[in-house]
Amino acid sequence: MEKESNNKSRVLIVGATGFMGRKIARASLAAGHPTSLLHRPDMKPREIEKVQTLLQLKATGARLIPVSFDDHLGLVKAVSEADVVISALNGPTMASLQLKLVDAIKEAGNVKELLGFKRRNFQPSLFDKRFLPSEFGTDPSRMAHAIAPGNAVFIDKMEVRKAIEQACIPFTYISANFYMAYSVANLAQLEKLFPPRESVVLYGDGNIKSIYLDEDDVATYTIKTIDDPRTLNKTVYLRPPENILSQREVVEEWEKLIGKELHKTSISAHDFLALIPEKELPDQIGIAHFYHFFYEGCLANFEIGEGSEEASILYPEVNYTRVRDYLKRYL
């Protein structure tokens, strides 16, 4: 299958109604890519907001493709009409559904050219399609030590990576670190979505560095990678340098904006982990992840090595959102 005449890859997005998926779809359309959105044909009345999202994206140029994940031939046809498949699926079925996508890409593959697999000693690829699985967070290959129940998502993502690489399917993995909506907007206060104006809890001394990304910037960087040979079969880390900050530094930015110092307390790693048994599962996962982010510093405590790239170096033209500017919307 050939690319469209504008030389832009044809993009198929799976999970376009989700938090990250809809942003990636908008970024793909804004960049001029012919963009198709795979969706379930049997969406229920309770999913009316998802349907409205699909229709809004269709109105801006997206093509809707109704296909069930149980319809293997339908999946094969859908991926055969794309050059790049991007999954933004999430939830407990993320791994199993993506493995079905891998099978479909394998069957739809075209013999065309070798796509740089020598680095990993892969056999010649039969595929001319690139797959971006649903990652967009912490690099799962660095999280084998993650504590339960937060480790489950990393195990699932590594299972999908293994299937992709065993099939010799060209890939790009996006490591987007920490979404600002869940970390900057609330000053990293669990169970909150707005920044506090009176008091804040710091994790340890609050000085461990994390890396914060506006979700729209994640989408922009993601779409920039898909036609870039430098990102083929690599992990792309999103590390905008001005957003590598400690929790304390994020709090200080908010204090400057509101002209007021917040009352600060601290919670130790031991006491923080002790909260897990008394919480519901989603919050247990959040605590486990926050432990690795704010006590271990897992997002920023390593150098990017061979087989990886850094997005702000590859794409200096992207005027990414700074933490301070992100916080201004909450004034």
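How much space lies in the largest cavity? I noted about 40 Å³, on a 1 Å grid over the protein atoms alone, where a cavity is a set of points that a 1.4 Å probe fits but cannot leave, a pocket is an open set with protein on both sides within 12 Å along at least five of seven lines, and lining residues have an atom within 4 Å of a point. Grid points are joined across faces, edges and corners, and a volume is the space filled by probe spheres set on them.

This is a predicted model, in which local features need pLDDT of at least 70 and side-chain atom pairs count only at pLDDT 80 or more, while totals for chains, interfaces and linings use all residues. Residues are numbered from 1 along each chain as its sequence is written, and side-chain values use heavy atoms, with hydrogens and water left out.

I then listed the lining of the largest cavity, which includes Thr-138, Asp-139, Arg-142 and Phe-302.

Next I turned to the largest pocket, which holds about 1300 Å³ of space. Of its 40 lining residues, Val-153, Tyr-179, Tyr-182, Ile-285 and His-289 are the closest to its centre. Helices (H or I, at least four residues) and strands (E, at least two) are DSSP runs, numbered from the N terminus; α9 gives the most to this lining, with eight residues.

Strand β7 runs parallel to β9, joined by two bridges, and strands pair if DSSP finds at least two bridges between them.
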